[in-house]
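Please read the points below with the model open beside you.

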Amino acid sequence: MVVLVTGSSGQLGQSLQYVAPKYKEVQFIFCASADLDITDMLQCKSVFEKHQPHYCINTAAYTAVDKAETEPEKAYAINVIGAKNIAEVCKEYNTVLLHISTDFVFDGTKNTPYKESDLPNPTGVYGKTKLEGEQAIEQTWEKHYIVRTSWVYSPFGHNFMKTMLRLASERDTISVVNDQIGTPTHAVDLANVLVQIILADNRQSTTDNFGIYHFSNEGQCSWYDFAKKIFEINKISINLQSIPTASFPTPAKRPSYSVLEKSKIKAKFGIYIQKWEESLVKYNS
Ligand SMILES: NC(=O)c1ccc[n+]([C@@H]2O[C@H](COP(=O)([O-])OP(=O)(O)OC[C@H]3O[C@@H](n4cnc5c(N)ncnc54)[C@H](OP(=O)(O)O)[C@@H]3O)[C@@H](O)[C@H]2O)c1
């Protein structure tokens with residue numbers, strides 16, 4: 001089984017490379033942006049023609065949430081046109097598409113976990129382009145799994161955990177917001193789940209499972225709680241201040257609540273999901 005991964009030098013792409021050796025039945029083809037620019041349809045076609053993948057995991061994305069506010073065309077080109085190109089080429093080669101989306105498609109006005117059926121209403125350019133990317137895929141190619149996730153971190157690439165650890169080596173005091181609630185997701189857990197979906201799809205060959213899924217680790221916390229746990233686990237002593245979002249303005253407005261409800265992915269694929277604290281400890285020990 002051939003699985004092609006786009007955006008392979010990103011955080012999730014590197015996490016997929018990390019888990020790949022344990023899935024002996026899968027031949028992974030990892031394409032970084034230099035090998036495959038998803039905004040270039042000709043390149044998409046030539047890479048698919050060469051590798052004839054059975055599955056494609058599209059991790060490639062424009063992920064700079066604040067920068068997107070001043071670069072909307074670039075975010076649109078990658079998150080919408082790029083996603084559409086990948087869906088079109090998947091259709092041409094009968095490749096099942098796994099695409100990653102985000103909790104930022106929601107506006108955060110709920111106070112109970114967001115279901116797949118809840119109405120999206122993004123608050124910024126990044127979330128808007130990710131939602132339009134989902135819609136472009138849905139309109140183009142039915143053989144798709146869209147997995148929305150949240151607060152992704154790992155030892156790879158850029159993420160909140162690595163930023164906290166860097167700041168702790170530079171400062172005595174760090175202020176982190178306490179009124180945005182969500183769930184951290186370890187990219188390695190997400191990578192394993194994506195491969196589990198592929199293995200289940202390949203075993204069952206049913207069309208019933210295609211569609212949107214939510215996946216994060218279990219539980220919920222604020223960014224402040226997340227930072228506190230990161231320092232605790234890494235035995236870092238620092239003056240950590242908890243502040244409201246109003247004291248830390250950012251160009252993009254973020255949802256104040258974006259916990260994802262995961263019963264659909266658990267029921268369809270029999271997935272056990274670890275608590276966010278357990279995953280944080282597991283990969284730091
Ligand atoms: N990080 C999070 O907290 C988070 C939360 C929810 C959902 N997600 C979603 O999860 C997915 C993976 O995120 P991530 O954290 O792994 O992001 P990431 O570390 O920023 O990686 C994204 C990758 O996409 C590549 N890329 C950008 N433009 C491209 C193009 N035109 N063609 C091909 N590749 C291109 C980048 O390559 P270059 O570096 O070479 O440009 C980078 O390697 C994304 O869909 C993201 O929206 C992330």
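1. Which helices and strands each supply at least two residues of the shell around the ligand? They are α1 (11-19), α3 (72-92) and β4 (96-102). Helices (H or I, at least four residues) and strands (E, at least two) are DSSP runs, numbered from the N terminus. The largest share, three residues, comes from α1.

2. This is a predicted model, in which local features need pLDDT of at least 70 and side-chain atom pairs count only at pLDDT 80 or more, while totals for chains, interfaces and linings use all residues. Residues are numbered from 1 along each chain as its sequence is written.

3. Around the ligand there are 28 residues, of which Gly7, Gly10, Gln11, Ala60 and Ala61 come nearest. A residue is counted near when its C-beta atom, placed from the backbone, lies within 6 Å of the molecule.

4. Six parallel strands make up an open sheet, ordered β2-β1-β3-β4-β5-β10. Strands pair if DSSP finds at least two bridges between them. Because β2 (27-31) and β10 (211-214) stand at the edges with a single partner strand each, one side of each is left without a neighbour in the sheet.

5. Threonine 6 lies in strand β1 (residues 2-6). Its bridge partner in β3 is asparagine 58. Threonine 6 counts as buried because it has 26 C-beta neighbours inside 10 Å; the cut-offs are 20 or more for buried, 12 or fewer for exposed, and partly exposed in between, with C-beta atoms placed from the backbone. Alanine 32 is 26 residues from threonine 6 in sequence but 6.2 Å away in space, C-alpha to C-alpha.
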